[in-house]
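Student: I would like a close look at one part of this model, a sheet and the side-chain contacts around one of its strands. Please take it step by step.

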Amino acid sequence: MRSWVRYVACAAIGLTLGVGAAVLRVRSGALGGNAAIGPWTTGRDFGTAGASALTRAVVALRGILALPAHEARYYNAAVDSAGDPLDGTCRYRVSGKALPAKWWSLTMYDHDGYLVANQANIFSIESAHVPNQAAWTIAVAPAQQAGLWLPTGRIDRFELTLRTYLPDDGGVGNLTRDQLPSIVKEGC
């Protein structure tokens, strides 16, 4: 085989592998998944001029408007507190305490970043609807639950995004594992 044919073949294989790996990395990337805190992941460069190429690609793919850290912090969970993938046919208890922010919301998305379709048309729970901020619980399940409930629509996999707006620390740090809600599977 002539050497130029080998060079072209190697370049084509390298380009194919490189593009494939980049697409896989962006599609599987959590929202700024450069810091893991229990089941939650977050990034420090959302909404900044210094955002990495990976963060920009994930934000573009997911279609979120990322605010600067002093305005909002984003935490994403694709697994429960035991490390198992979130399954839309199971019931989960998301429990938390008062979050150090002016306002927060918990929203469910499918793996492609879209809101999960459900008959109840409930897509998010916000702090204004949580009666006791000191200790709260949200049920995440396919069937209606008493109290605060996010329906899963029985999809195979889902992700939860916790947004904290106007964080008390001005966005200079991440919430700790003790401050972030736990996600406990109760059954399937």
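Tutor: The sheet is open and has four strands in the order S8-S7-S4-S10, with mixed pairing. The model is a predicted one. Strands S8 (149–151) and S10 (182–187) are at the edges and have a single partner strand each, so one side of each lacks a neighbour in the sheet. From one strand to the next, the twist averages 25 degrees.

Strand S4 (residues 91–97) runs antiparallel to S10, and five bridges join the two. Within this pairing, arginine 93 stands opposite valine 184 in S10. Arginine 93 also forms a salt bridge with glutamate 186, where the closest N and O atoms are 3.0 Å apart. Glutamate 186, with a relative accessible area of 41%, is partly exposed.

The structure holds two salt bridges. Arginine 157 forms one with aspartate 87, with 3.9 Å between the closest N and O atoms. Here arginine 157 lies in the loop between S8 and S9, and aspartate 87 in the loop between strand S3 (72–77) and S4; they are 70 residues apart. Aspartate 87 counts as buried because its relative accessibility is 18%, under the 20% cut-off. Arginine 157, at 44%, counts as partly exposed.

A search of the whole structure finds three aromatic pairs. One of them is formed by tyrosine 92 and phenylalanine 158, with 5.9 Å centre to centre and 80 degrees between the planes, an edge-to-face arrangement. Tyrosine 92 is in strand S4 and phenylalanine 158 in strand S9 (residues 158–167), so this pair ties together parts that are 66 residues apart in sequence. Tyrosine 92 and phenylalanine 158 are both buried.

Strand S9 also contributes to a pair between tryptophan 103 and tyrosine 165. The ring centres of tryptophan 103 and tyrosine 165 are 5.2 Å apart and the planes are at 45 degrees, so the pair is tilted. Tryptophan 103 lies in strand S5 (residues 101–110) and tyrosine 165 in strand S9, 62 residues apart, so distant parts of the chain are linked. Tryptophan 103 counts as partly exposed at 31% relative accessibility, and tyrosine 165 is partly exposed with a relative accessible area of 23%.

Technical notes:
Residues are numbered from 1 along each chain as its sequence is written. Side-chain values use heavy atoms; hydrogens and water are left out. Two strands pair if DSSP finds at least two bridges between them. Axes are lines fitted to C-alpha atoms, for helices over the stretch in contact, and angles run from 0 to 180 degrees between N-to-C directions. Rings of Phe, Tyr and Trp (its six-membered ring) pair if their centres lie within 6.5 Å; planes under 30 degrees apart count as stacked, over 60 as edge-to-face and the rest as tilted. Buried means under 20% relative accessible area, exposed over 50%, partly exposed in between (1.4 Å probe, protein chains only). A salt bridge is a side-chain nitrogen of Lys or Arg within 4 Å of a carboxyl oxygen of Asp or Glu.
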